[in-house]
Amino acid sequence: MQRHLISAADLTRDDAVLILDTAEEMARVADRPIKKLPTLRGRTVVNLFFEDSTRTRISFEAAEKRLSADVINFSAKGSSVSKGESLKDTAQTLEAMGVDAVVIRHGASGAPYRLATSGWIDAAVINAGDGTHQHPTQALLDAFTMRRRLVGRDAGLGRDLAGKRVTLVGDVLHSRVARSNVDLLHTLGAEVTLVAPPTLIPVGVESWPCEVSYDLDSTLPKCDAVMMLRVQRERMNAAFFPTEREYSRRYGLDGERMARLPEHAIVMHPGPMVRGMEITAEVADSDRCTVVEQVANGVSIRMAVLYLLLGGNEPAAAPIRTEEK
Amino acid sequence: MSKILIHGAKVLGGEQQDVLIDGETIAATARQGGIDWSATGVSAEDVEVIEAEGKVLLPGLVDLHTHLREPGREDSETVLTGTRAAATGGYTAVFAMANTFPVADTAGVVEQVWRLGKEHGYCDVQPIGAVTVGLEGRKLAELGAMHESAAGVTVFSDDGKCVDDAVIMRRALEYVKAFGGVVAQHAQEPRLTEGAQMNEGVVSAELGLGGWPAVAEESIIARDVLLAEHVGSRVHICHLSTAGSVEIVRWAKSRGIQVTAEVTPHHLLLTDELVRTYNPVYKVNPPLRTERDVMALREALADGTIDIVATDHAPHPHEDKDCEWAAAAMGMVGLETALSVVQETMVDTGLLDWAGVADRMSAKPARIGQAAGHGRPVSAGEPANLILVDTAYRGQVDPAGFASRSRNTPYQGRELPGRVTHTWLRGKATLVDGKLT
């Protein structure tokens, strides 16, 4: 494992499988009456959020607390950042207070990379989403969800997603979730197809390890998992598509389209969903939809990442498994 | 007045010659040891001899595209520090871009910049006037007044911004014909580059940075060469950066359209692959392009499709680059490394000889900008604007040693060939053994 987690592309297959396996161990903690491990006792983690994001921040915070870390939450709003303080100064200020890891969410692509590589701070850096670049823990929790559902909770241990067919639908151009997922799913051996109107596919996509299609209906019968990406209504005003309704008709997932999926296939969404836009209520509330599961899995994955980056060699949750036996 | 004998330099990279400077002019040139002293009226005992064996003697370089930042951003550069950087890099004349604060859109501002250059004396400073008031692209600035001012402006540009309104561009092209001026266009279609952070392509797709597509440059160049043809004016294209732009300019020239174009040193060497570091020292406008573009630009400079090299020297204070990519300023300093980069990319690759370098970096830019006394041949009777280059030198770029007030170079630690050792501005040494006077 590396010292930082900046991009899903930096993970080898073995790194990724190790994180998924560790997350399975962490998940068992959630089943216990006392959902806490002493692993990061005395370590301090700061959640440095320059962008609003309730769910990702809460997920990291839950993960950090379950590992007994001391948690500092820093949100840019109302802070010195809004008075013009630079990223460098903010990070150095926090490090001076003795922070071991920085979980950063930033609107500028590459901000976590800069933080990790510019010699500004020594702490481990975990990317919690940067601009339209990467969101590696999201890709990991998605892969975790797919492995559980498509391979099996116990059967999946030690295994990747070889041969699984995954389709990502929606605003790929502006999506860090899509970039991270394409990288990680490819590393794990899955076959990825992107589906979107051509306006929402980036120029240069031809170098990505995936297929691209403009037609959702022909893709659906061939997938094991379909992941719907959020489409912001503002995109309409920038002429990425003519109207919300047209987008919804051509690329939204409704009950009729869901019926075209193979029976075992799952429907995923990184949230927050825009019901009625990329996904109908019928699909969102169906048994096939893993949105809520993804949220729960997010905590396990973030625990695993924090443990592997900060926890060193101490056994994490190994005793738990023995208990269960 | 000074009398200097430059001994044994390879003039324009050719045969070794002796060059005698008397006061502000070149008094004589001859094969090594062959000066006819009786004809010059100079006594051999009175001259200071500069041993230049093995070095290349060129006319002083002329930069058609420099940002001196004064007035307004003296924290990044001043006319003094910028012209000291110019002398260090072998320049004897620079054209100062108009995007200062206040904008150089009146006779008052251009005269101020011109006068500061004259007072400091390191390098001739020829101000460029804004095309439109406040660079806003709506209303023509008083181009005639700037031309008639003491600064005698002949080049007009809204550089930093594109004159994107086709009617304003047409009128500007027409209007400057009255006094032989030229409009230098920063070709960037604004709508296609909203939120642009880097070249649009494979790397931007991966990095999630807003794309600056080649077509945003090429569409403006295509429009402007057609406008220039229609109204019979000449147009100059700033910092051309794509293979497609080269094709358009080549086509326009073959049609007899009066178009000239410049390329920056960084676009001859660097590619967008460097942006993977997210280090804003590589953030520049127009952005670094692909390997294919770099090769097309080199070839075009060699065959004359691109007329000149211009630095687009763009100083920025440290804090404007020591941050995340999106927050960083665009631009790189270039005056002190330009000749080295051109040697690396054009001379050492065999694409251009030193006479060609003198043409692209001195004679042609002086002609486009009408810089009197610059870019002249190295021969008797010409103004002594000369430089000596140690072409055998190789060394790492160390920004700590820059004369410029800013350090935002993309070449820190990179080994580059060539070093300017001497610069003479009308016979007066501004740089001796690599040190400013």
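This note goes through helices, loops and a chain contact in a predicted model.

1. **Helix α8 of chain B: length.** Start with α8(B), residues 243-254. The helix has 12 residues, and at 1.5 Å a residue they should span 16 Å. The C-alpha atoms at its ends are 17 Å apart, which agrees. After α8(B) comes Gly256(B), with a positive phi near 85 degrees.

2. **Helix α8 of chain B: buried side.** Which residues of α8(B) are buried? They are Ser245(B), Val246(B), Ile248(B), Val249(B) and Ala252(B). Around the axis they cover an arc of only 165 degrees, which puts them on the same side of α8(B). Several elements of chain B cover these buried residues, including α7 (214-231), β13 (235-237), β14 (259-263) and α10 (291-303).

3. **Helix α10 of chain B.** Apply the length check again, now to α10(B). Its 13 residues should span 18 Å at 1.5 Å a residue. The end C-alpha atoms are 19 Å apart, so the two values agree. Buried residues in α10(B) are Asp293(B), Val294(B), Ala296(B), Leu297(B), Arg298(B), Ala300(B) and Leu301(B). Look for their cover in chain B: it includes α8, β14, α9 (265-269), β15 (308-309), α11 and α12. Just after the helix, Gly304(B) has a positive phi of about 90 degrees.

4. **Helices α11 and α12 of chain B.** Next, find α11(B), residues 338-347, and α12(B), residues 354-369. Their axes come within 11 Å and cross at roughly 125 degrees. Are the two helices parallel or oblique to each other? Angles of 65 to 115 degrees count as roughly perpendicular, and those over 145 as roughly antiparallel. The pair α11(B) and α12(B) is therefore oblique. The crossing is right-handed. On the α11(B) side, Val342(B), Met346(B) and Val347(B) take part. They meet Trp354(B), Val357(B) and Met361(B) in α12(B).

5. **Helices α2 and α3 of chain B.** A second pair is α2(B) with α3(B), residues 107-120. These helices pack at an angle of about 60 degrees, and their axes are 9 Å apart. Therefore α2(B) and α3(B) are oblique to each other. Here too the crossing is right-handed. From α2(B), the contact uses Val79(B), Leu80(B) and Thr83(B). From α3(B), it uses Val113(B), Leu116(B), Gly117(B) and His120(B).

6. **Where chains A and B touch.** How many residues does the contact take from each chain? It takes 20 from chain A and 17 from chain B. On the chain A side, the elements giving two or more residues are α3 (87-96), α4 (111-117) and α6 (176-187). Of the chain A elements, α4(A) gives the most, with 3 residues.

7. **Two cis peptide bonds.** Check the bond from Gly271(A) to Pro272(A): it is cis, with omega near -5 degrees. Pro272(A) sits in the loop between β9 (266-268) and α10 (281-284) of chain A. In chain B, the bond from Glu70(B) to Pro71(B) is cis, with omega near 5 degrees. Pro71(B) lies in the loop between β6 (61-66) and α2 (79-88) of chain B.

8. **Positive phi without glycine.** Ser68(A) is not a glycine, yet its phi is positive, about 70 degrees. Its loop runs between α2 (54-66) and β2 (70-75) of chain A. With 15 other C-beta atoms within 10 Å, Ser68(A) is partly exposed. Leu135(B) is a residue other than glycine with a positive phi, near 60 degrees. Find Leu135(B) in the loop between β8 (124-127) and α4 (143-148) of chain B. Is Leu135(B) buried or exposed? A residue counts as buried if 20 or more other C-beta atoms lie within 10 Å of its own. Leu135(B) has 23, so it is buried.

9. **Gly158 of chain A.** This glycine lies in the loop between α5 (136-151) and β5 (165-169) of chain A. Gly158(A) is exposed, with 9 other C-beta atoms within 10 Å. Leaving aside residues up to four places away in sequence, Gly158(A) touches Val17(A) and Asp21(A). Gly158(A) and Leu40(A) are 118 residues apart in sequence. In space they are 25 Å apart, C-alpha to C-alpha.

How values were computed
Residues numbered from 1 in each chain as written. Chains lettered and ligands numbered in written order. Predicted model: local features only at pLDDT ≥ 70, side-chain atom pairs only at ≥ 80, totals over all residues. Helix = DSSP H or I, 4+ residues; strand = E, 2+ residues; numbered from the N terminus. Expected span 1.5 Å × (residues − 1). Buried ≥ 20, exposed ≤ 12 C-beta atoms within 10 Å, placed from the backbone. Arc of directions from axis to C-beta. Contact = placed C-beta atoms within 7 Å. Axes fitted to C-alpha atoms, helices over the stretch in contact; angles between N-to-C directions. Parallel < 35°, antiparallel > 145°, perpendicular 65-115°, else oblique. Left-handed = near helix turned anticlockwise from the far one by under 90°.
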